[in-house]
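I opened my notebook to look up aromatic rings. Here are the entries.

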Amino acid sequence: TFDMRDVSGIKKGDKLLLKWKGDDVAVLEASSIYKPNKVVEAKGVYGTSSLEHPTVFSLIEETGDYYIGGNVHGIKSIAFPYPVQTPADVRAMLPEGKPVVAFQNRNPIHRAHFELLVCAQR
């Protein structure tokens, strides 16, 4: 889902070019365009709709008013200023024939994330 402040001129079926620092990186085929109820979303995802929660504040105040969903077709990988691995690189490092639980997060792990990992590992 891609958030936007304004969707004027965008309709279902349109293809949106996604850029990162000026580079064309993907195309989003708009199959759904809607205005979410962010209070309901916040309550369902974070358990609160209080603006005192920093992520709820970000969702309600900083995220675009509309969501666009659809298939994304990659053009090229983003050139990050640090080393990254492709999914194939990561899979090649995993033990064969053994279940693996993985979790990627940009922030320190919270208790809910920990419980999710423990349950998935079982």
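**Aromatic pairs**

I began with tyrosine 67, which is buried, at a relative accessible area of 7%. Buried means under 20% relative accessible area, exposed over 50%, and partly exposed in between (1.4 Å probe, protein chains only). This is a predicted model, where local features need pLDDT of at least 70, side-chain atom pairs count only at pLDDT 80 or more, and totals for chains, interfaces and linings use all residues. Residues are numbered from 1 along each chain as its sequence is written, and side-chain values use heavy atoms, with hydrogens and water left out.

I then searched the whole structure for aromatic pairs and found three. Rings of Phe, Tyr and Trp (its six-membered ring) pair if their centres lie within 6.5 Å; planes under 30 degrees apart are stacked, over 60 edge-to-face, the rest tilted.

I looked up tryptophan 20 and phenylalanine 80. Their pair is tilted, with 6.5 Å centre to centre and 55° between the planes. Tryptophan 20 sits in strand S2 (residues 15-20) and phenylalanine 80 in the loop between strand S6 (72-74) and helix H3 (87-93), so the pair ties together parts 60 residues apart in sequence. Helices (H or I, at least four residues) and strands (E, at least two) are DSSP runs, numbered from the N terminus. Tryptophan 20 is partly exposed at 38% relative accessibility. Phenylalanine 80 is partly exposed too, at 35%.

Next came tyrosine 34 and tyrosine 67. This pair is edge-to-face: 5.6 Å centre to centre, 80° between the planes. Tyrosine 34 lies in strand S4 (residues 32-34) and tyrosine 67 in strand S5 (residues 66-69), so parts 33 residues apart in sequence are tied together.

Last, I noted one aromatic cluster, formed by Trp20, Phe80 and Tyr82.
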